[in-house]
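Me: I have a structure open and I am new to it. Please show me how to read its features one at a time.

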Amino acid sequence: QVQLVESGGGLVQAGGSLRLSCAASGLTFDSYTMAWFRQAPGKEREFVAGIRWGGGSTYYTDSVKGRFTISRDNAKNTVYLEMNSLKPEDTAVYYCATVYDTSWRPSGYWGQGTQVTVSS
């Protein structure tokens with residue numbers, strides 16, 4: 001079965017950095033467009049960043065542009081989210097997911113999430 005397993009979350013001070021990883025199994029990873037979403041307490045889950053199957057096209061929500069970088073290693077079946085200059089408002093559970101190429105909407109597979117907490 002398909003599994004997406006996130007890791008790398010934790011507690012960091014504002015201005016710090018974290019690198020999230022999402023290891024995929026049970027699917028032909030290099031055929032899937034992948035994305036990171038996040039959900040803060042009391043808020044809806046939101047799109048953060050996406051990367052198309054070939055890795056040459058990425059997309060970010062405005063609030064993370066210039067601070068976050070999404071990348072993938074198809075040989076390792078892994079997608080990454082490098083997060084720099086973190087702010088308290090980045091605090092959330094971060095999820096990786098498969099998404100549709102054109103809309104960046106979820107296409108069905110989700111990880112279990114990893115908590116990111118940014119202290120002020």
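Reply: Start with the polar contact, which is a pair of N or O atoms within 3.5 Å, where one must be able to donate a hydrogen and the other to accept it. Keep in mind that this is a predicted model. In it, the side chains of Tyr 94 and Arg 38 make such a contact at 2.9 Å.

Me: What else does the side chain of Tyr 94 reach, and at what distance?

Reply: The backbone oxygen of Asp 90, at 2.6 Å.

Me: Where is Tyr 94 found, and is it buried or exposed?

Reply: Tyr 94 belongs to strand 9, which covers residues 92-99. Buried means under 20% relative accessible area. Tyr 94 has a relative accessible area of 0%, so it is buried.

Me: Which residues does Tyr 94 touch, apart from those up to four places away in sequence?

Reply: Among them are Glu 6, Leu 20, Trp 36, Phe 68, Met 83 and Val 116. Arg 38, the polar partner, is in the list too. Sequence separation and distance in space should be read side by side. Tyr 94 and Gln 115 are 21 residues apart in sequence, yet their C-alpha atoms are 6.2 Å apart.

Me: Thr 114 is also one of the residues touched by Tyr 94. Where is the place of Thr 114, and is it buried or exposed?

Reply: Thr 114 is in strand 11, residues 114-119. Its relative accessibility is 11%, so Thr 114 counts as buried. A polar atom of its side chain lies 3.2 Å from the backbone nitrogen of Gly 9. Beyond its neighbours within four places in sequence, Thr 114 is in contact with residues including Ser 7, Gly 8, Ala 92 and Val 93.

Me: Now the strands. How many helices and strands does the chain have?

Reply: There are zero helices and 11 strands. In a regular strand the side chains alternate between the two faces of the sheet. For the pairing of strands, look at the bridges. Strand 1 (residues 3-7) and strand 3 run antiparallel and are joined by five bridges. One example is Ser 7, whose bridge partner in strand 3 is Ser 21.

Me: How many bridges are there between strand 3 and strand 8?

Reply: Six, and this pairing is antiparallel. Strand 8 covers residues 78-83. Its Thr 78 is the bridge partner of Ala 23.

Me: How should I read two aromatic rings that lie side by side?

Reply: A pair of aromatic rings is described by the distance of the centres and the angle of the planes. Rings count as a pair if their centres lie within 6.5 Å; planes under 30 degrees apart are stacked, and planes over 60 are edge-to-face. The count here comes to seven aromatic pairs. Take Tyr 32 and Tyr 109: their ring centres are 6.4 Å apart and their planes are at 65 degrees, so the pair is edge-to-face.

Me: Where do Tyr 32 and Tyr 109 sit in the chain?

Reply: Tyr 32 is in the loop between strand 3 (18-25) and strand 4 (33-39), while Tyr 109 is in strand 10 (residues 106-110). The pair links distant parts of the chain, 77 residues apart. Tyr 32 is partly exposed at 26% relative accessible area, and Tyr 109 counts as partly exposed at 35%.

Me: Why is the pair of Tyr 59 and Trp 104 called stacked?

Reply: Their planes are at 10 degrees and their ring centres are 5.9 Å apart, so the pair is stacked. Tyr 59 lies in strand 6 (residues 58-60) and Trp 104 in the loop between strand 9 and strand 10, so the pair ties together parts that are 45 residues apart in sequence. Tyr 59 is partly exposed, with a relative accessible area of 44%, whereas Trp 104 counts as buried at 11%.

Me: Which residues do ring pairs link into a cluster?

Reply: Phe 37, Phe 47, Tyr 59, Tyr 95, Trp 104 and Trp 110. The ring of Tyr 95 also has Arg 45 over its face, at 3.9 Å from the ring centre. Elsewhere, Arg 19 lies over the face of Tyr 80, at 4.0 Å from the ring centre.

Me: Last, the chain as a whole. What share of its residues count as buried?

Reply: Of the 120 residues, 42% count as buried. Contacts can be sorted by sequence separation as well. Among those between residues at least 6 apart in sequence, 55% join residues at least 24 apart. The C-alpha trace spans about 40 × 25 × 25 Å along its principal axes.

Methods. Residues are numbered from 1 along each chain as its sequence is written. This is a predicted model: local features need pLDDT of at least 70, side-chain atom pairs count only at pLDDT 80 or more; totals for chains, interfaces and linings use all residues. Side-chain values use heavy atoms; hydrogens and water are left out. Helices (H or I, at least four residues) and strands (E, at least two) are DSSP runs, numbered from the N terminus. Buried means under 20% relative accessible area, exposed over 50%, partly exposed in between (1.4 Å probe, protein chains only). Contact means heavy atoms within 4.5 Å. Rings of Phe, Tyr and Trp (its six-membered ring) pair if their centres lie within 6.5 Å; planes under 30 degrees apart count as stacked, over 60 as edge-to-face and the rest as tilted. A charge sits over a ring if NZ of Lys or CZ of Arg is within 6 Å of the ring centre and within 35 degrees of the ring normal. Two strands pair if DSSP finds at least two bridges between them.
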